[in-house]
Amino acid sequence: FVGALSLDTQRAIKVLGCCAGTCIFEQEVLKRFPRAHVTAIDNNGEMLKAFQKKTSAPEYKDRVCVRQGDIRKELDDLLKADKHGQYDLAIAGGLFEHVENPAEVLQQIRSLLKDRGIFLQASLRETPPGKFIGWSCGVKPLSRDYFISLVERNGFTLQKSSILPFSVLQPSTWRNIWVKWLKEAHYFTKN
């Protein structure tokens, strides 16, 4: 899905990873865009440490910054530091199932993106396995139609949606079946 991004692979781009976890998408961006710089935000310090370990190779030196904390506060801190319109790409994986006011977070992300910036989002699908995983994590997947409508009402245009390829998330066979039912990715551009 990262291959579908309409960005020049040789250009220096700034990437914002929101609720980044172990930064699966962010790692792919770093590989595909050798001049990309990623700022990854997550509440879970262990996941961020796993990302830092995966990106400790020399080719990633000075290309990764991690921020641990509540997503709303961290985005607000970036806005207060006058980072408006600084990012070419924002990535959110599993973010909107966890926040009370998704529209507020979308507006923060939109403010941080450049004009025509890209917002790549992957969320739990509203399927039986997605609902089960959500239930086990204490969250409820948002319906596809509701989520797309919410994002579009907050200043983005949907470019593409895709059920994530098996290999993106888990290599093991039994998990591949679950992954197909678990995650869907959406590619939006800022209006």
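Which residue does D62 meet in a salt bridge between side chains? The partner is K61, and the N to O separation is 4.0 Å.

Good morning. The structure before you is a predicted model, and I shall therefore begin with its confidence, given that local features are considered here at a pLDDT of at least 70. The mean pLDDT of the protein is 82, with 88% of its residues reaching 70 or more. Helix α4, residues 102-112, has the highest confidence, at a mean of 94, while helix α7, residues 166-169, has the lowest, at 44. Two stretches call for caution. Residues 166-171 have a pLDDT below 50, and in the model this stretch makes 13 contacts beyond near neighbours in sequence. Residues 173-179 are also below 50, with 10 contacts beyond near neighbours in sequence.

Let me turn to the overall architecture. The protein contains 8 helices and 7 strands. Of its 191 residues, 47% are buried. If we take the contacts between residues at least 6 apart in sequence, 73% of them join residues at least 24 apart. The accessible surface amounts to about 9,600 Å², and carbon and sulfur atoms account for 51% of that area.

I come now to the salt bridges. How many does a search of the whole structure find? The search finds 9, and I shall discuss several of them.

Consider helix α2 and the pair E46 and K49. The closest N and O atoms of this salt bridge are 3.6 Å apart. Because the two residues are 3 apart in helix α2, residues 45-54, about one helical turn separates them. E46 and K49 are both exposed.

A second pair lies in helix α3, residues 71-80. There, D76 and K80 are 4 residues apart, about one turn of the helix. Their side chains meet in a salt bridge, with an N to O distance of 3.2 Å. Are these two residues buried, partly exposed or exposed? D76 has a relative accessible area of 29%, so it is classed as partly exposed. K80 counts as exposed because its relative accessibility is 64%. Elsewhere, R11, D88 and K114 belong to one network, joined by salt bridges that share partners.

This brings me back to D62, whose salt bridge with K61 opened this talk. D62 is located in the loop between α2 and β3, the latter spanning residues 64-68. Both partners, D62 and K61, are exposed. For D62, the relative accessibility is 65%, which is why the residue counts as exposed.

As a rule, most residues other than glycine have a negative phi. D62, which is not a glycine, has a positive phi of about 65°.

R116 counts as exposed because its relative accessibility is 54%.

To close, I would draw attention again to two points. Thank you.

Key. Residues are numbered from 1 along each chain as its sequence is written. This is a predicted model: local features need pLDDT of at least 70, side-chain atom pairs count only at pLDDT 80 or more; totals for chains, interfaces and linings use all residues. Side-chain values use heavy atoms; hydrogens and water are left out. Buried means under 20% relative accessible area, exposed over 50%, partly exposed in between (1.4 Å probe, protein chains only). pLDDT is the predictor's confidence in each residue, from 0 to 100. Contact means heavy atoms within 4.5 Å. Accessible areas come from the Shrake-Rupley method with a 1.4 Å probe; for residues, only the protein chains shown count as cover.
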